[in-house]
Amino acid sequence: MISAVHFKDFKALRSTAVRLEPFNLLIGPSGSGKTSLIEALLRLRYLAGQAPAPGPASALAFLNGPQIEFHFHPPFENVRVTLGCQADELSCHRLRVDHPPGLAGARQWAELRTQLHGIRAYLLDHQAMGAPVLRSAGTELATNASNLAAVLAQRAQQAPVAFAHLVADFCRIMPEFSGLDFRGVGEGHVELRAALRDSPEHLSCENLSQGTLYLLAILTLAHDPQPPTLLCLEEADRGVHPRLLREVRDALYRLSYPVATETTRPVVQVIATTHSPYLLDLFRDHPSEIVLAHKQGNAATFERLSERPDILELMRETNLGDLWYSGILGGIPGD
Amino acid sequence: MRAPEAMKLALLSESPADEAAISILVGYVLGAPFTRVQPTLRARGWPSVEQVLPAILRHLHFNTEADGLIVVVDSDDSVVHTPQHEAPAYHHPGCRICRLRTVFRRTLKNLPLNAAHPAPATSAHPRIRRERVLRAVGLAVPAMEAWYLCGRDTSITEAAWTQGQAAGRVPYTRSELKWRVYGTERPTLPHEIKRAVQEVTRHQGDLLRLEHDFPQGFGSLARDLRSWRAESGH
């Protein structure tokens with residue numbers, strides 16, 4: 001959906017741009033702009049939901065504060081959205097839309113707005129996931145996945161095939177479990193439980209490990225019959241054993257490349273962040289999916305790994321994770 | 001009379017799919033069942049395989065009953081092993097088979113023979129029956145997917161690859177091989193394992209084609225494995 005984002009004076013992103021693919025893995029040190037990109041996308045979703053200010057994007061030129069400009073893939077390639085504000089304002093809270101004139105252009109923008117409304121960002125929280133939750137809170141996974149139990153309970157009822165696929169994937173990846181079920185825990189609350197294989201025992205959500213819960217949340221997103229249009233996932237590797245990171249990658253690819261996994265859903269654009277060289281190793285065949293976030297002093301810039309002219313030569317010598325850790329790719333903390 | 005005990009083998013590869021395929025092929029070459037040393041070993045691709053191999057050999061030697069270790073890596077763009085590399089004391093620094101064999105030789109040379117030096121008191125297996133861990137090294141040229149396509153696509157051979165390398169224009173890429181095997185460049189792990197197993201199972205009972213089309217990469221592995229019969233008495 002989004003083809004590129006250009007930043008001017010937005011937090012540490014003073015003057016940089018990032019081209020976006022269906023799948024994007026952002027790597028870089030803290031403060032290098034990874035989360036700022038996600039914030040910008042959430043800001044876009046929010047402001048696109050409001051009534052846009054009239055006039056062309058160039059009208060924002062009078063604003064001397066931060067600006068974020070969004071470009072889109074076809075069929076929205078002729079639409080441009082700019083967020084901006086005055087220098088003394090705290091955040092980009094004004095939105096201008098530049099689209100082709102006439103009814104056709106207005107329709108394009110209306111359709112794009114609907115898609116922008118589907119942008120979601122997740123920073124999973126295992127403690128929040130562990131607690132029982134109101135059964136009625138299961139329409140859509142919350143930002144921290146705190147309503148995981150309610151979402152899965154609802155999916156088990158309303159989309160049993162998708163739920164069965166999710167459970168099959170979960171039990172394949174975590175063979176110590178044989179299934180998932182739900183238990184009512186008073187006043188409309190529901191608790192998620194995982195059945196232990198070869199045992200009558202069930203582990204309640206609060207007793208599942210951090211990594212198990214994160215994996216379950218990622219699978220919940222990957223098997224969502226009505227997924228977001230754009231999904232941001234912070235620290236995609238968190239809590240997951242390095243040997244299981246391939247499963248995390250596959251789950252996210254399932255969203256970005258639905259044909260590859262024999263599903264018929266529309267493409268979900270994915271933006272994930274990581275600090276794991278092990279996860280990075282898994283993108284050796286697709287360096288175009290990696291975005292390096294560089295930090296120099298107080299300024300940060302983005303660079304797509306495939307734009308480095310020497311990347312194929314470098315990858316002949318060693319794996320991507322070690323290349324990143326060594327510092328020769330950049331995207332590392334300052335000394 | 002008791003049947004001979006199955007060999008205990010360790011396998012070092014780059015992915016669970018490679019592991020599934022190699023395990024089947026090893027069984028076909030040995031012609032006998034074997035058991036796998038647990039936990040399974042895994043490397044993060046070249047050069048991690050070379051870096052982690054000494055520690056793995058030491059671990060297998062002292063802490064397990066492993067009779068042998070099988071290592072299979074992708075050649076990627078590296079120099080492909082040739083019959084000239086088999087000359088005594090020859091070592092090609094760009095050839096992954098030569099390099100892995102050197103690591104085996106150097107590491108094993110410095111480990112005591114179990115018969116003369118019993119395993120340390122901390123060892124979980126104080127009565128290890130073999131003296132040294134046996135070696136089997138294979139090289140998938142340029143990647144495991146080439147082996148999977150053997151017999152299906154006659155244009156995919158070690159010779160085609162090395163001739164292409166020499167001419168500066170390789171006949172196919174890793175991505176193209178993936179497409180041909182999986183129908184996508186981004187297969188899921190279960191799909192990758194399923195296709196790997198499907199394809200190598202075609203070679204059951206007849207490995208001649210694989211040895212003919214991949215005489216150095218797969219041939220070396222098969223020759224190493226066959227030499228074990230004499231060395232181990234299995």
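In chain B, H2(B) passes H3(B) in a right-handed crossing, the term denoting that the near helix is turned clockwise from the far one by less than a right angle. The model is predicted, so that local features need pLDDT of at least 70 and side-chain atom pairs count only at pLDDT 80 or more, whereas totals for chains, interfaces and linings use all residues. Residues are numbered from 1 along each chain as its sequence is written, chains are lettered from A in the order in which they are written, and side-chain values use heavy atoms, with hydrogens and water left out.

The axes of helix H2 (residues 48–63) and helix H3 (residues 96–109) of chain B come within 10 Å and cross at roughly 25°; helices are DSSP runs (H or I, at least four residues) numbered from the N terminus, and axes are lines fitted to C-alpha atoms over the stretch in contact, with angles running from 0 to 180 degrees between N-to-C directions. H2(B) and H3(B) are therefore roughly parallel to each other (angles under 35 degrees). Their contact (heavy atoms within 4.5 Å) involves B:Val49, B:Glu50, B:Leu53, B:Pro54 and B:Leu57 of H2(B), together with B:Arg99, B:Leu100, B:Val103, B:Phe104, B:Thr107 and B:Leu108 of H3(B).

Helix H1 (residues 16–30) and helix H7 (residues 189–201) of chain B have axes that come within 8 Å and cross at roughly 20°, and H1(B) and H7(B) are therefore roughly parallel to each other. The crossing of this pair is right-handed. Among the residues that meet are B:Ala17, B:Ala20 and B:Ile24 in H1(B) and B:Ile193, B:Ala196 and B:Val200 in H7(B).

Terms used: Helix = DSSP H or I, 4+ residues; strand = E, 2+ residues; numbered from the N terminus. Parallel < 35°, antiparallel > 145°, perpendicular 65-115°, else oblique.
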